[in-house]
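Trainee: Please take one part of this model and go through it closely. Start with the overall layout, then settle on a single element.

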Amino acid sequence: MKNNNNIEEQQVQKQEFLFDSINYKILLIGIAVIALGFILMSGGGSKDPNVFNEDIFNFRRIRLAPTTVLIGFGITIYSIFKKSK
């Protein structure tokens, strides 16, 4: 009886992660790229609401930032589907 309890305790204590460490590293890189994309999107506001600011339509906010966010999502999806060795 005591021997069975020890075996069960050892099985419960021995937990494995869902992914390997490389998957988590790639996932963190993807999250950082997504955060960078949202940082690139920020700004461009005007202090006076009656004055229109053309900076809202520059290349960084319209093309670069959304592309960066999509690349970040692609990296995170890759990290989920990457098989461990």
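Mentor: The chain has three helices and zero strands. Here helices (H or I, at least four residues) and strands (E, at least two) are DSSP runs, numbered from the N terminus. The order from the N terminus is α-α-α. This is a predicted model: local features need pLDDT of at least 70, side-chain atom pairs count only at pLDDT 80 or more, and totals for chains, interfaces and linings use all residues. Residues are numbered from 1 along each chain as its sequence is written, and side-chain values use heavy atoms, with hydrogens and water left out.

Of the 85 residues in the chain, 18% are buried. Buried means under 20% relative accessible area, exposed over 50%, partly exposed in between (1.4 Å probe, protein chains only).

Now to α3. This helix covers residues 59–81. Its 23 residues reach 32 Å from first C-alpha to last, close to the 33 Å expected at 1.5 Å a residue. That expected span is 1.5 Å times one less than the number of residues. α3 has a kink of about 25 degrees at Ala 65, shortly before the proline Pro 66. The bend at a residue is the angle between axes fitted to the seven residues ending there and the seven starting there.

Ala 65 is also buried, as are Arg 61, Thr 68, Val 69, Gly 72, Thr 76 and Ser 79. The cover over the buried residues of α3 includes α2 (21–41).

Phe 81 also lies in α3. Phe 81 is exposed, at 66% relative accessible area. Its C-alpha is 9.8 Å from that of Phe 19, 62 residues apart along the chain.

How values were computed: Contact means heavy atoms within 4.5 Å.
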